[in-house]
Amino acid sequence: MEKLLDVFKFRDAQKEAMNLARIGNKYLADTEPWKLAKTDMERVGTILNISLQLVANLAIAFEPFLPFSSERLRKMLNMDNFEWGELGRSDLLPMGHQLNKPELLFEKIEDATIEAQVQKLLDTKKANDEANHKANPVRANIEFDDFLKLDIRVGTVLECQKVPKADKLLQFKIDDGLETRTIVSGIAKYYAPEELTGKQVCFIANLPPRKLKGIVSEGMILSAENHDGSLAVIMPGKEVKPGSEVK
């Protein structure tokens with residue numbers, strides 16, 4: 001470990017410390033002193049001595065990585081100080097050494113605490129993204145006649161339902177002022193069907209029909225994409241007649 005730390009290989013050094021901890025865990029699991037306590041207390045004493053010597057070595061090995069926890073561990077073991085050169089010794093705690101009162105070295109972290117911290121990080125990231133957001137650059141100019149080719153209209157949503165076996169798709173029945181048309185839109189992650197039923201939406205009416213999951217879609221519902229990738233359907237500010245053109 002000391003050689004690894006000298007050349008700044010901190011991760012490898014930490015792995016060596018963890019290997020020592022694993023050896024201690026395996027030793028206790030294999031020897032099962034709690035079972036031997038009924039028949040061979042002398043053997044139990046030997047096992048506990050070896051285990052405590054391992055713990056004392058861990059207090060030294062983890063000091064560069066967990067200095068405060070290592071200090072608490074040394075206090076429980078009643079170790080006043082240590083030298084790196086002592087790492088690996090099997091007699092760090094002499095015979096008759098008095099231990100201090102044990103306590104929990106690490107507190108259990110409940111799931112609710114973890115979830116709260118994760119949510120805090122997500123909220124911070126969201127706030128930072130919003131503060132630093134910049135709109136995408138404006139695309140190259142087009143001819144006005146090209147824009148006029150788009151037939152953008154307002155339609156009233158008569159029915160809306162999820163498309164089976166398609167997490168992202170909603171199927172709409174829309175009154176476009178002339179007839180009822182079907183449009184499939186990839187906004188199921190952002191809206192429940194009942195949120196849009198009865199609402200008016202803007203859509204491109206003159207796109208060629210295309211099949212999505214076996215359903216012929218006769219247009220495209222227009223949405224605005226927020227900085228986080230979420231979609232917001234474009235709706236008129238007040239109710240208009242179905243089929244009204246957007247100009």
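This is a predicted model: local features need pLDDT of at least 70, side-chain atom pairs count only at pLDDT 80 or more; totals for chains, interfaces and linings use all residues.
## Strand S7 and its partner S4

Phe203 has Ile221 as its bridge partner in strand S7. S4 and S7 run antiparallel and are joined by 2 bridges. S7 covers residues 220–221 and is an edge strand, pairing on one side only.

## The open sheet

Strands S4 and S7 belong to an open sheet of 5 strands, in the order S3-S2-S1-S4-S7, with antiparallel pairing. The edge at the other end is strand S3 (180–185), which, like S7, pairs on one side only. In general, strands of a sheet pair through backbone hydrogen bonds, either parallel or antiparallel.

Strand S1 stands between S2 and S4 in the strand order. Two of the positions involved are Thr156, whose bridge partner in S2 is Asp175, and Glu159, whose bridge partner in S2 is Lys173.

## The S2-S3 hairpin

S2 and S3 pair in the antiparallel sense over 6 bridges. Within this pairing, Phe172 stands opposite Ile183 in S3. The two strands form a hairpin with 4 residues between them, and Gly177 in the turn has a positive phi of about 90°. S3 is an edge strand, yet S3 is mostly covered, with 5 of its 6 residues buried.

Which strand holds Cys202? Cys202 is found in strand S4. Its relative accessibility is 7%, so Cys202 counts as buried. From Cys202 to Gly177 the separation is 25 residues in sequence and 13 Å in space, C-alpha to C-alpha; Gly177 is the turn residue of the S2-S3 hairpin.

Glu195 is found in helix H8, residues 193–196. At 40% relative accessibility Glu195 counts as partly exposed, because that class lies between the buried limit of 20% and the exposed limit of 50%. Glu195 and Trp84 are 111 residues apart in sequence, and their C-alpha atoms are 66 Å apart in space.

## Domains and annotation

The chain is divided into domain 1, residues 1–86, and domain 2, residues 144–245. Taken over C-alpha atoms, the centres of domain 1 and domain 2 are separated by 65 Å.

An unreviewed UniProt entry places the feature "domain: TRNA-binding" at residues 146–247. Over residues 146–247 the chain is 7% helix and 41% strand. The C-alpha atoms at the ends of residues 146–247 are 13 Å apart.

## The largest pocket

What is the volume of the largest pocket? The volume is about 370 Å³. The lining of this pocket consists of 17 residues, and those closest to its centre are Val55, Leu58, Leu73, Leu105 and Phe106.

Helix H4 (41–61) and helix H5 (67–77) each supply at least two residues of the lining. H5 gives the most, with 5 residues. By residue class, the lining divides into 13 nonpolar, 3 polar and 1 charged.

Definitions and conventions. Residues are numbered from 1 along each chain as its sequence is written. Side-chain values use heavy atoms; hydrogens and water are left out. UniProt positions are given in the numbering used here, feature names are shortened, and annotations may be inferred rather than shown by experiment. Two strands pair if DSSP finds at least two bridges between them. Domain bounds come from an automatic or database domain assignment. On a 1 Å grid over the protein atoms alone, a cavity is a set of points where a 1.4 Å probe fits but cannot get out, and a pocket is an open set with protein on both sides within 12 Å along at least five of seven lines; lining residues have an atom within 4 Å of a point. Grid points are joined across faces, edges and corners, and a volume is the space filled by probe spheres set on the points. Ala, Val, Leu, Ile, Met, Phe, Trp, Tyr, Cys and Pro count as nonpolar, Asp, Glu, Lys and Arg as charged, and the others, Gly among them, as polar. Buried means under 20% relative accessible area, exposed over 50%, partly exposed in between (1.4 Å probe, protein chains only).
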